[in-house]
Amino acid sequence: MEYSKIPGTDIRISKLAVGGMSFGKPAFKTYRWILGKEDTDKMVQHALDLGINFFDTANVYGAGTSEQFIGQALKHHQVPRDHVAIASKVYFNPGRLSKTAINREIDGTLQRLGTDYLDLYIIHRFDYDTPIEETMEALNGLIKAGKVRAIGASAMYGYQFQNMQHIAEKNGWHQFVAMENHYNLLYREDERELIPICKQDGVMLMPYSPLAGGHLTRPTWNSNSTRSKIDTSAKAKYDHAKQQDLPIIQRVHELAAKHGVKMAQIALAWQWAKGVIAPIVGATKQQYLDDAAAAMDIHLTPDEVAYLDEPYTAHEIVGALNQNPTDMLPKSVEN
């Protein structure tokens with residue numbers, strides 16, 4: 001396993017993160033495929049055995065049970081707290097990113113995880129109702145209080161991210177050091193603004209859905225897996241662009257055959273070639289983590305990266321929101 005550090009900190013992270021959305025009690029019909037407590041325990045242990053020490057979850061995954069199961073697994077396996085890096089999120093909750101909501105939600109997250117602090121606290125989306133100053137000051141307060149070591153943001157528009165960074169800098173508050181955005185070979189809209197902003201400011205990229213809901217793991221669009229059949233979130237994110245994306249999938253298939261590896265490994269190797277620090281892999285089988293870890297040995301040439309890039313055409317925005325949703329967890333939002 002290879003490691004990096006969260007920018008501006010000494011927090012050591014594996015260059016793969018385990019996605020906590022795969023764990024917990026199913027809270028929505030969209031997520032009936034997620035793993036329960038015992039299977040989560042096994043997956044966490046397997047990740048640790050592979051050298052993966054970075055776990056990403058959220059207060060809403062499994063209605064909080066993802067955090068709970070991850071925390072219990074780490075305790076069960078007697079993992080020293082400073083040997084792992086834990087990230088969680090806030091936004092899809094009452095009050096969104098208000099000071100009151102942030103202070104309430106961090107305490108709930110820490111309690112469920114069974115820890116005194118988070119290594120990385122991420123705002124899950126941009127809040128259209130709360131002043132930026134209020135959000136950034138509240139997040140800064142969590143770092144000062146020792147509840148959070150670093151802060152990050154998730155899917156939003158480039159100008160929103162830059163505005164939040166500017167407000168923090170102007171007031172001498174802590175700025176975001178990580179971006180968890182929607183990014184993969186089938187969805188590259190953030191290459192226009194958000195990713196260049198992050199690279200310019202030294203913000204690490206830790207994308208969700210690096211395998212595009214499984215579409216980058218097989219030459220056919222659909223599969224017989226349980227998740228493929230019932231994950232309406234992935235369908236909402238990708239099915240509308242099927243005809244645009246099939247040529248890209250075919251090229252991933254070709255390169256996988258050339259290298260004698262799996263398609264998922266080519267898709268992950270592409271992420272690292274693009275400057276991603278830690279793609280988040282949502283795995284429900286140990287083999288998926290094995291494949292992801294082995295992908296670190298694959299190094300694509302610039303020509304191979306260009307070959308994968310070439311068929312891409314503009315897509316509809318999926319991830320960043322144009323307004324706050326009326327419900328707490330929209331069915332079209334996967335991560």
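Reader: Which residues touch the most other members of the largest nonpolar core?
Author: This is a predicted model, in which local features need pLDDT of at least 70 and side-chain atom pairs count only at pLDDT 80 or more, while totals for chains, interfaces and linings use all residues. Residues are numbered from 1 along each chain as its sequence is written, and side-chain values use heavy atoms, with hydrogens and water left out. A nonpolar core is a set of buried Ala, Val, Leu, Ile, Met, Phe, Trp, Tyr and Cys residues joined through side-chain atoms within 4.5 Å; buried means under 20% relative accessible area, exposed over 50%, and partly exposed in between, with a 1.4 Å probe and protein chains only. Of the 91 residues in the largest one, those that touch the most other members are Y121, I123, M136, L139, F161, F176 and M179.

Reader: And which helix gives the largest share of this core?
Author: Helices (H or I, at least four residues) and strands (E, at least two) are DSSP runs, numbered from the N terminus. The largest share of this core is 8 residues, and they come from helix 10.

Reader: Which residues is L139 in contact with, leaving aside its neighbours within four places in sequence?
Author: Contact means heavy atoms within 4.5 Å. With the neighbours within four places set aside, the contacts of L139 are I102, Y121, I123, I151 and F176.

Reader: How many residues does the second, separate core have?
Author: You can find this core through some of its members, including I13, A87, I277 and I280. Its residue count is 17.

Reader: Let's step back to the chain. Why is it as compact as a globular protein of that length?
Author: The chain's secondary structure comes to 12 helices and 10 strands. The radius of gyration is taken over C-alpha atoms, and the globule rule is 2.2 Å times the number of residues to the power 0.38. For 335 residues that rule gives 20 Å, so the chain is as compact as a globular protein of that length, since its radius of gyration is close to this at 19 Å.

Reader: How much of the chain's accessible surface belongs to carbon and sulfur atoms?
Author: Of the 335 residues, 59% count as buried. Accessible areas come from the Shrake-Rupley method with a 1.4 Å probe, and for residues only the protein chains shown count as cover. The accessible surface comes to about 13800 Å², and the share belonging to carbon and sulfur atoms is 49%.

Reader: On to helix 9. How far apart are its end C-alpha atoms?
Author: The expected span of a helix is 1.5 Å times one less than its number of residues. For the 18 residues of helix 9 (residues 242-259) this should be 26 Å, which agrees with the computed distance between its end C-alpha atoms, 25 Å.

Reader: Within what arc do the buried residues of helix 9 fall?
Author: The buried residues of helix 9 are D245, I248, I249, R251, V252, L255 and A256. The arc is that of the directions from the helix axis to the C-beta atoms. Seen down the axis, these buried residues line one face of helix 9, because they fall within an arc of 160 degrees.

Reader: Which exposed residues does the face of helix 9 turned away from its buried side carry?
Author: On the buried side, what covers helix 9 includes helix 10 (263-273) and helix 12 (302-309). The face turned away carries the exposed residues Q243, A257 and K258.

Reader: What covers the buried residues of helix 1?
Author: In helix 1, the buried residues are T40, D41, M43, V44, H46 and A47. Just after this helix, G51 takes a positive phi of about 95 degrees. The cover over the buried residues includes strand 3, strand 4, helix 2 (65-76) and helix 11 (286-294).

Reader: Is I52 buried or exposed?
Author: I52 lies in the loop between helix 1 (37-49) and strand 4 (54-56). Beyond four places in sequence, I52 is in contact with M1, S14, L16, V18, A47 and L289. With a relative accessible area of 2%, I52 is buried.

Reader: What is the relative accessible area of S22?
Author: S22 is found in the loop between strand 3 (17-19) and helix 1. Its contacts beyond four places in sequence are W33, I34, L35, G282, A283 and T284. S22 is buried, and its relative accessible area is 2%.
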